[in-house]
Amino acid sequence: MNKRSIMPLAMKKRKFYCSCCGEKLIPYPKTRIVKRGDPDYKEHSYFGRGKHLIGDIEMTEYDFKCLSCEKLTSFDEQCVIEEIQKYVGVHTLSQDNINENYEKANATLKRKRKIRSIISKLFGTAVLILVIYYWIKSGDFSFKIYF
Ligand SMILES: [Zn+2]
């Protein structure tokens, strides 16, 4: 059986806190089998250039778990909670805190993601323009292929 494991970078790098008791959360693995023909098989079976897996894949993804109160939260959900914890200024939230701020926090997150993707696209374009600029400046319009 092929095994793959996906953990968001932020889960590895940042600290997240439980909205019930304020304890630090740990990544908690959940495993499922992705079979050939499943809608997300293609997405998980290819990686890198031309490399792909054959057969079923044992996928491990991660939720957050609180060791103190046993609460499980998905990564996406916890990102919204984190935003609300910033607004309120404490880690421990009441259900009212969550309900009142959920929409706003979700909108803020979407906006942040959009800005990040625009910046990375701009950066890509800037690099391309520089390459073209130096190519024209060099005055050598023959194509060279380097391997
Ligand atoms: Zn907890």
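Modeller: Start with the salt bridge: a side-chain nitrogen of Lys or Arg within 4 Å of a carboxyl oxygen of Asp or Glu. The model is predicted, so local features need pLDDT of at least 70 and side-chain atom pairs count only at pLDDT 80 or more, while totals for chains, interfaces and linings use all residues. Residues are numbered from 1 along each chain as its sequence is written, and side-chain values use heavy atoms, with hydrogens and water left out.

Colleague: What makes K86 and E83 a salt bridge?

Modeller: Their closest N and O atoms are 3.8 Å apart. The limit is 4 Å, so the pair qualifies. Both residues lie in helix α3, 3 residues apart, about one turn of the helix. Helices here are DSSP runs of H or I, at least four residues, and strands are runs of E, at least two, numbered from the N terminus.

Colleague: Why is E83 called buried?

Modeller: Buried means under 20% relative accessible area, exposed over 50%, partly exposed in between (1.4 Å probe, protein chains only). E83 has 5%, so E83 is buried. K86 has 51%, so K86 counts as exposed.

Colleague: How do you know that R32 and D40 pair?

Modeller: The closest N and O atoms of R32 and D40 are 3.1 Å apart. That is within 4 Å, so the pair is a salt bridge. D40 is buried at 18%, whereas R32 is partly exposed at 33%. R32, D40 and E61 are linked in a network of salt bridges.

Colleague: What does the salt bridge of E58 and K3 tie together?

Modeller: The N to O distance of this pair is 4.0 Å. E58 lies in strand β3 (residues 57–66) and K3 in strand β1 (residues 2–5), so the bridge joins parts 55 residues apart in sequence. The whole structure has 7 salt bridges.

Colleague: Why can I136 belong to a surface patch?

Modeller: Patch residues need over 30% relative accessible area and no salt bridge; like charges are joined within 9 Å, nonpolar side chains (Val, Leu, Ile, Met, Phe, Trp, Tyr) within 5 Å. I136 has 49%, so I136 passes the area cut-off. I136 sits in helix α4 (residues 95–137). The nonpolar patch consists of L128, I132, W135, I136 and F141, with about 490 Å² of accessible area together. Areas come from the Shrake-Rupley method with a 1.4 Å probe; for residues, only the protein chains shown count as cover.
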